[in-house]
Structures are given as structure tokens and as C-alpha cells.
Amino acid sequence: MNRIYLSLALHNHQPVGNFDFVIEDAYQKAYEPMLTALERHPGVRLALHYSGPLRDWLKAHHPDFLQRVRVLVGRQQVEILTGGHYEPVLVALPDADKQGQIAKMTDTIRADFGTEPIGAWLAERVWEPHLPKPLHEAGVQYTIVDDTHFQYVGMVDDDLFGYYVTEEQGQPLSVFATARYLRFHTPWTPVPEVIEWLRQRSTQSTRRGGPPRVAVMGDDGEKFGLWPTTYDQC
């Protein structure tokens, strides 16, 4: 029987200068309940990304939250993603500034969580072909983009249950595609329907006998409680 893995990456962000009461509302409705759920279900493993401005706010207002995340990292339940510290669209920056933004966030992750991040979240998932070189030089091994980027160059959904390696000037980067179905149906579609979707894709592989398939859902953490109707639902 073919296997399929559901790989989850949740991106949590608040812009510089946002009102404290707005971020506190997001904390109470999305960030803290998700962390509590993960503590309650140690078998669920996923990647989390907290942007620099949000991390700074959490450290000032809820420092215990970061300590709780560190515990989950320590038991290898949570992987922390790096990225541009202030959530810039990296393709708009000179390479030196790209690397400086990532270095600042990576240093913060080391200090907060005692781990070395190897994956990066791209702000707004904006991609250009020159990104592998500065990302690789910043210590990044993989990132996540929308599946539409792959589809624009002729790939179809069935090609995207895994990752591809690209490069720039000999500097490699692995790229995963976050599936449109999972982004649009999580968390609104009933769980059994999503599981059935995954089960069907596990048996539709064009690479019979190949490696296990990976379905990626990388999207905003705020959709699990802060977006309309999702607090009651989640």
C-alpha cells in the first residue's frame, strides 16, 4: 500500500507597529490555542514560523509562550522555520540584505529555541529563480512555495507530492509545493473529507514503487482561530 505524509507548516506574523490589542486578540484566538493543542497531542509534528515582529511582541508580553515552544522543539515535535526577520519580500532586497535578514532571524531562533533552522518561510511565498544562491549561502536547505509556481511551468498536481531541487550558480535549494486543495480546505472542510482526499492521492502515484508521497499544507497560523468563523470551528 502506498504511503502519503501530511506535512504541516504554520506561518505566524504580525506587522511592525501593529496595535497591542490586535496582536493580543490573535494570541488568544490562534497562537495560544494552537500551542495548547500541540502540547496535548505530542504525536502531531509540524513546522512553525514566527516572524521577527511577532516574536518580539511575544517575548515582551508572553515570554512563557516562547519557553513552551522551546519544550516542543526539544522533544522534536516542532521544527522552527527561519526567514526574513522583519518579513520582507526577499526578492525585492539586495542579496546582502536578504542574508542579513535571515541571519538575524536565525540567530534569534538559536537563542530562543536552541535549534539550527534549515527551512525558511518566504514572505507572501514570492519566488524568483535567483533565490537559491542567497538562501543557500544563508544556511537554508529548503523552502515552500505555492503549487501554482510549478503549474505555471507545466507540472500537474500529481507531480507535486514531494520536493524538487533547484540551483543558482551551483548553490542548491530544495523546494516543496503547498497544495491549493489543502490551503483552501483547511480548516473549513470536515476532517474525514480531507483524509479521504489524502488517501486517494496516496494511491494515484505515477511513480509506482517510488518514495512515499508528501502532501504539504503551508499557510497562515491565523486561519486557525482568528479568521472569520474559525475560532468556533477550531
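1. Helix 3 (residues 63-74) packs against helix 4 (residues 95-113) at an angle of about 85 degrees, and their axes are 9 Å apart. The two are therefore roughly perpendicular (65 to 115 degrees). Axes are lines fitted to C-alpha atoms over the stretch in contact, with angles from 0 to 180 degrees between N-to-C directions. Helices are DSSP runs (H or I, at least four residues) and strands likewise (E, at least two), numbered from the N terminus.

2. This is a predicted model, where local features need pLDDT of at least 70, side-chain atom pairs count only at pLDDT 80 or more, and totals for chains, interfaces and linings use all residues. Residues are numbered from 1 along each chain as its sequence is written, and side-chain values use heavy atoms, without hydrogens and water.

3. From helix 3, Leu 66, Val 69, Arg 70 and Val 73 meet Ala 111, Asp 112 and Phe 113 of helix 4 (contact means heavy atoms within 4.5 Å).

4. Helix 1 (residues 20-40) and helix 2 (residues 52-61) cross at roughly 85 degrees, their axes coming within 11 Å. Helix 1 contributes Asp 20, Ile 23, Glu 24, Tyr 27 and Tyr 31, while helix 2 brings Leu 54, Trp 57, Leu 58 and His 61.

5. Thr 178 sits in strand 8 (residues 171-178). With 0% relative accessibility, Thr 178 counts as buried (under 20% relative accessible area, 1.4 Å probe, protein chains only). Beyond neighbours within four places in sequence, its contacts include Arg 125, Asp 146 and Met 217.

Definitions and conventions:
Angles under 35 degrees count as roughly parallel, over 145 as roughly antiparallel, 65 to 115 as roughly perpendicular and the rest as oblique. Buried means under 20% relative accessible area, exposed over 50%, partly exposed in between (1.4 Å probe, protein chains only).
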